[in-house]
Amino acid sequence: MVKRIPAPVRFAGVAAALIVIFGACSMFLLGAMDIYQTSQTGNLFNPTVLLSHTLHFLQQTWYALTIATDRAGVPYHEYLLLGVGLTIEFCFISMPLALILGFVLAMMSRSRARWLRTPARAFVEFFRNTPLLVQMLAIYSALIFLPPSLLNAFTAGVATLVLNYAAYECENIRAGLEAIDIGQSEAAQVLGLSQLQTTRLIIVPQMIPIILPPVMNDLIYMYKDSSILSLITVIELTQASQNMGHNSPNLQWQAYLLAGAIYLLLSLPLARLARWVEGQIKSSRLGARTDLTSAALLTLGVMVLVGLFCGVLEVGLTFGNIVDAFGELIAAIGLSVAIMVFMMALLGGLVGIPQALWLFIRRPHDVDSGAAEGQGQAGSVAVMPK
Amino acid sequence: MSFFAPIITAFPTLMQATLTTILSSIAGIILAMVFAIPAGLGRLSRNTVIRSVSSFYVETIRGTPLLLQLVVWYYGARILLLALFNFNVDVAYFNFLTALDANTLYPAEGSVSGIFFAVFGLSFNYGAYLAEVIRAGILAVEGGQTEAALSLGLSRWQTMRLIVLPQALRIMVPPLTNNFITLIQDTAFFEVLGVYELSLQTYTYVQVVSSVAIRWQYFAFELIIYFILCYGLALIARRFERRNGQSPTRRSLWTAWMPFRTSRLVQH
């Protein structure tokens with residue numbers, strides 16, 4: 001029997017091993033980058049050389065974060081701040097809109113009416129199965145007949161994020177709605193609540209704890225997906241760091257490192273927050289006392305306002321800028337809804353008309369199996385039996 | 001027919017670009033699983049060092065955007081390899097082709113290093129996501145199963161191979177497929193590194209045309225191809241799930257992933 005090593009010694013050993021592994025890897029990486037940046041030569045396996053290069057790299061990082069400026073005298077931390085502001089603006093404006101449109105889509109795809117269900121399903125499947133990047137390029141560069149007040153980088157970016165994420169949120173919300181027992185809504189209707197009251201008071205409060213983790217996850221994804229907006233001339237965090245690298249190439253690595261750190265700082269606390277809120281709701285400390293529907297709507301509204309505020313701070317806090325921001329927000333909402341309605345009509349027509357014809361042809365033979373088989377809409381009988 | 005003339009002219013090139021997309025996503029999926037399996041198992045390891053190294057990998061990669069990672073791999077790792085080891089991927093590939101006397105295979109446009117670092121960066125990114133899927137799938141198998149297997153005298157590796165993994169694989173299939181679908185979609189990011197796959201090829205056609213109708217032709221074609229690729233994979237996965245749900249018979253782990261019936265190939 002081997003004698004067990006005491007716990008403090010084991011802990012110290014593990015800590016030392018971790019420090020050695022992470023420290024050595026990061027020192028080697030940073031030293032190599034510094035050697036490349038400074039065009040010097042040196043053997044990195046020599047500890048003194050390695051330490052001096054690593055320290056120089058860290059010093060350069062601190063310099064980039066504090067006093068380094070571009071040729072026009074704009075400090076680089078302002079680049080990064082403006083980039084973070086735009087990232088937060090796009091995410092906080094797009095996510096509430098995506099949730100609301102996703103809720104509408106989920107209600108439509110759970111509807112018994114085929115003319116509502118087919119377009120919603122077609123829209124969701126189409127937007128989930130095509131790349132976000134291509135959708136963005138298509139919206140931005142193939143809708144050029146629209147006036148620039150309706151189609152600019154801001155509205156196109158928001159519309160892309162909203163439409164794509166609405167499809168994903170629709171699936172989340174549908175899963176949440178399906179997880180709720182059907183007896184809940186039946187009982188509510190027996191008690192005399194209307195359809196709207198049932199949704200608002202019974203269904204949605206039970207749905208929110210279920211969909212909260214995937215929705216928060218999607219918000220974190222959206223932070224990262226908003227980096228593609230750099231391709232349509234939005235200077236968000238990724239583009240800001242690239243600009244920084246272009247303006248002073250000897251700080252390129254520091255720029256990428258800082259941008260990555262900021263993305264991590266944005267997403268990690270949000271994950272913790274999501275876990276905390278989820279625990280609060282599950283332990284019914286929050287759920288029992290508060291009206292979750294109103295709380296959720298309020299949260300979404302506050303998110304949009306925070307996003308707008310970030311956008312206004314970018315250009316300066318004046319009355320005119322606030323009015324402009326609201327105008328752009330309304331244009332973005334209009335563009336998103338217009339594209340969504342158009343795509344639903346188009347795709348719903350493409351899928352729904354052949355489907356309806358097929359069902360019409362098959363109706364006299366066997367109604368039930370035809371409806372059950374009809375394009376994979378399992379179990380939902382849409383064709384009225386005679 | 002003259003209305004569709006642009007897309008008919010571009011059809012062969014676009015199909016070639018589609019082939020690039022398909023091949024790079026297949027390579028990406030395989031390489032991502034190569035990264036994911038050690039990382040996923042490493043996060044469940046009892047060894048603190050292995051666990052924290054794989055946690056560091058997963059959390060860092062999941063916390064930063066793919067676009068930034070690709071840019072770092074391409075503009076960073078390529079130049080670092082050049083500066084430190086004097087290793088140039090383009091030159092190495094060219095020399096390799098020269099050794100085979102096949103220099104005509106060298107791509108006329110784009111660069112080899114672009115697609116190399118793009119596939120590598122994409123797989124490195126998705127390795128982290130898939131590691132989480134694998135970890136969640138293994139954790140979702142009930143603990144009693146492992147305890148029962150261990151008390152029956154199976155070794156840890158036997159327990160993993162015969163008891164836990166066959167059940168975990170069934171749980172993992174839907175999220176894995178979702179990740180594969182997003183991986184196929186994310187090959188569109190390769191256009192940032194100048195890889196002529198479907199989206200960049202289409203965009204080069206789009207950029208020289210000002211007519212909205214023709215632009216829409218190109219985009220519709222591209223979107224339809226992506227839709228076919230991704231939705232096809234989704235349908236295969238759905239069929240696989242349904243069949244697995246219907247017949248909970250014992251199936252070999254090594255044939256379970258095949259999208260067709262294997263009873264004729266393998267006698268259980």
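In this predicted model, the charged end of B:R78 lies over the ring of B:Y74, at 4.4 Å from the ring centre; a charge counts as sitting over a ring if NZ of Lys or CZ of Arg is within 6 Å of the ring centre and within 35 degrees of the ring normal. Residues are numbered from 1 along each chain as its sequence is written, and chains are lettered from A and ligands numbered from 1 in the order in which they are written. Local features need pLDDT of at least 70 and side-chain atom pairs pLDDT 80 or more, while totals for chains, interfaces and linings use all residues, and side-chain values rest on heavy atoms, without hydrogens and water.

Aromatic pairs come next. Rings of Phe, Tyr and Trp (its six-membered ring) are paired if their centres lie within 6.5 Å, with planes under 30 degrees apart called stacked, over 60 edge-to-face and the rest tilted. Over all chains, this gives 23 aromatic pairs. One of them joins A:Y221 and B:Y129, and it is edge-to-face because the ring centres are 5.8 Å apart and the planes stand at 65°. This pair crosses between chains, linking helix α8 (residues 195–225) of chain A, which holds A:Y221, to helix α5 (residues 112–140) of chain B, which holds B:Y129. Helices here are DSSP runs of H or I with at least four residues, numbered from the N terminus.

Burial follows relative accessible area (buried under 20%, exposed over 50%, partly exposed in between; 1.4 Å probe, protein chains only). A:Y221 is partly exposed at 28%, whereas B:Y129 is buried at 12%. B:Y74 and B:Y75 also form an edge-to-face pair, with 5.0 Å from centre to centre and 75° between the planes. Here B:Y74 is buried, at 10%, and B:Y75 is partly exposed, at 35%. A further aromatic cluster brings together A:F123, A:F126, A:F127, B:F227 and B:Y231.

Turning to domains, chain A is divided into domain 1 (7–66) and domain 2 (76–355), with bounds from an automatic or database domain assignment. Their centres, taken over C-alpha atoms, are 40 Å apart. Each domain gives 11 residues to the contact, defined by heavy atoms within 4.5 Å. Together the two domains bury about 960 Å², 70% of it on carbon and sulfur atoms; buried area is the accessible area (1.4 Å probe) that two parts lose on being put together, summed over both. On the domain 1 side, A:Q37, A:A64 and A:L65 lose the most area to domain 2, together 48% of what that side buries.

Definitions and conventions. Helix = DSSP H or I, 4+ residues; strand = E, 2+ residues; numbered from the N terminus.
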